[in-house]
Protein chains: 4
Amino acid sequence: MPAHEVQVRVRYAETDKMGLVYYGNYFTYFEVGRTDLLRRVGMPYSQLEAEGIYFPVVDAQCKYLGAARYEDLLTVRTWISNVRRTRLEFSYEIRRDGDQALVAAGVTTLVCMNKDFKPIEIPERLRELVTAELGGCGNPGPARTR
Amino acid sequence: MPAHEVQVRVRYAETDKMGLVYYGNYFTYFEVGRTDLLRRVGMPYSQLEAEGIYFPVVDAQCKYLGAARYEDLLTVRTWISNVRRTRLEFSYEIRRDGDQALVAAGVTTLVCMNKDFKPIEIPERLRELVTAELGGCGNPGPARTR
Amino acid sequence: MPAHEVQVRVRYAETDKMGLVYYGNYFTYFEVGRTDLLRRVGMPYSQLEAEGIYFPVVDAQCKYLGAARYEDLLTVRTWISNVRRTRLEFSYEIRRDGDQALVAAGVTTLVCMNKDFKPIEIPERLRELVTAELGGCGNPGPARTR
Amino acid sequence: MPAHEVQVRVRYAETDKMGLVYYGNYFTYFEVGRTDLLRRVGMPYSQLEAEGIYFPVVDAQCKYLGAARYEDLLTVRTWISNVRRTRLEFSYEIRRDGDQALVAAGVTTLVCMNKDFKPIEIPERLRELVTAELGGCGNPGPARTR
């Protein structure tokens with residue numbers, strides 16, 4: 001089962017004076033991948049929040065392995081790497097189109113919370129959807145092995 | 001009566017591959033000036049929102065007159081340039097410290113809304129505070145003359 | 001001749017505590033439209049910069065006419081609204097997919113500069129390409145009439 | 001020897017629809033702390049880049065431990081937690097003013113590179129300055145113990 005993939009084109013706004021994508025902006029690309037995965041499995045995150053279910057990030061990591069520049073087309077691969085009672089872990093790999101060079105790899109952990117920001121169990125129908133996605137990456141890549 | 005002034009130091013994140021502050025980020029500096037002005041006159045914007053009063057921006061303009069670079073210390077001058085029944089207009093000038101070169105000048109118009117995003121009259125105590133600030137800029141500068 | 005269109009999906013990162021897209025981020029969407037237009041007419045902006053030709057923005061305006069929210073799919077329509085010796089003017093309209101509501105409309109003016117940031121004439125082959133695009137919007141919309 | 005501290009006030013632009021600081025923006029706060037530390041020890045990062053020495057981030061991590069909201073005043077504590085031949089590690093803690101609640105803690109690793117983005121040894125005078133700062137945190141906090 002393949003990881004989910006979505007493309008992003010690097011915006012000028014996302015570069016910095018070094019001429020590369022600013023390191024903090026990779027976490028936005030991760031969010032694009034995460035949002036896309038949830039929408040594709042049938043559970044858009046905007047819908048979850050509309051129902052009073054929030055998934056704030058409690059841990060985020062990124063390794064920067066290559067350079068991404070303005071107008072580069074990048075592919076963000078996202079997969080669910082762990083499901084626990086109240087937590088979801090997403091893993092990511094970002095590659096440049098063309099040479100397929102690995103630019104960045106990362107992991108984020110999110111906690112399921114109600115609208116008062118108290119941790120709650122992941123709702124059953126979401127758990128089923130994400131568990132079906134678990135291990136959904138044929139070629140785990142460096143982010144997976146941490 | 002002088003305009004309100006607040007300093008910001010240019011962050012690496014705010015630069016782009018041209019080596020300058022990205023044009024869209026000046027609107028964030030304007031927001032810093034606006035937030036600072038409201039807090040100093042005794043009506044923090046966070047408190048207004050806590051009371052269900054919102055001021056979304058309906059019009060924003062910026063003229064870019066000079067260059068701001070990473071680590072530059074900038075002074076944002078902000079003043080209330082117009083008060084209407086439901087609208088507030090803020091004007092801004094951004095200068096580099098040191099040579100005092102004018103880097104950017106702009107204007108934003110905000111509409112007072114309730115939590116359902118319907119336009120409402122500016123609350124009386126806020127109107128009094130901002131009217132007292134009106135014309136509060138000794139040296140209006142280019143942004144003012146538009 | 002139609003304006004150029006490109007889609008963007010609103011990212012969580014681009015929203016603010018009001019639940020809407022932060023006003024400054026529309027200028028990033030304008031950049032996405034501008035970048036896309038130049039690439040489609042055969043003159044990617046990254047290539048122009050690689051040749052030492054820069055187009056910093058000297059004036060930017062945006063009118064906010066509707067609300068855009070997280071996961072909304074937006075269409076950015078971009079057209080060249082004026083070509084002068086050293087300046088290009090781009091106009092933009094942003095509509096929500098689905099109801100086609102106009103969310104924002106704006107104009108930016110860019111000056112052609114060399115790598116020392118001195119204004120220069122727009123290179124002939126670029127002038128030809130953008131002049132061919134001039135007036136390229138069948139239905140000009142509000143941004144056009146300013 | 002105390003860690004370096006610098007304050008940031010949360011901007012509206014930095015919040016997201018959850019009403020909190022967007023998770024990726026903490027890496028900008030880390031950059032503010034890092035920039036401030038280097039400037040205070042007498043080696044502004046803008047000066048290093050002007051001399052052709054770059055420090056791209058190769059690894060970044062953040063744990064999110066509390067909530068930061070619009071207009072909150074935050075203190076970013078930054079210290080050098082490791083110095084190697086070509087690498088510098090910075091650690092960070094971000095606390096809310098007032099209740100001193102720990103909001104976030106993180107670590108970034110930066111590699112010294114020349115202008116062709118090849119790793120090089122950290123220049124001697126910089127090494128001396130940062131080594132003097134090493135272990136400069138009396139109360140290492142959670143970020144340190146990873």
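Start by selecting A:D59, which stands opposite D:K63 in β2(D). You're looking at a predicted model, where local features need pLDDT of at least 70, side-chain atom pairs count only at pLDDT 80 or more, and totals for chains, interfaces and linings use all residues. Residues are numbered from 1 along each chain as its sequence is written, while chains are lettered from A and ligands numbered from 1 in the order in which they are written.

Now show strand β2 (residues 57-64) of chain A with β2(D): they pair in the antiparallel sense over five bridges. (Strands are DSSP E runs of at least two residues and helices H or I runs of at least four, numbered from the N terminus; pairing takes at least two DSSP bridges.)

Widen to the A–D contact, with 16 residues from chain D and 16 from chain A; contact means C-beta atoms, placed from the backbone, within 7 Å. On chain D's side, β2(D) gives the most, with eight residues.

Next, pick chains B and C. Their open sheet has 10 strands, paired antiparallel, in the order β1(B)-β3(B)-β4(B)-β5(B)-β2(B)-β2(C)-β5(C)-β4(C)-β3(C)-β1(C). β1 (4-9) of chain B and β1 (4-9) of chain C sit at the edges with a single partner strand each, so one side of each has no neighbour in the sheet.

Zoom in on β4 (residues 87-96) and β5 (residues 102-111) of chain B, antiparallel and joined by nine bridges. Here B:E89 stands opposite B:T109.

Finally, select helix α3 (residues 124-133) of chain B, lying across β3 (73-83) and β4 of chain B at about 115° to β3(B). Angles run from 0 to 180 degrees between N-to-C directions, with axes fitted to C-alpha atoms, for helices over the stretch in contact.

Conventions: Two residues are in contact if their C-beta atoms, placed from the backbone, lie within 7 Å.
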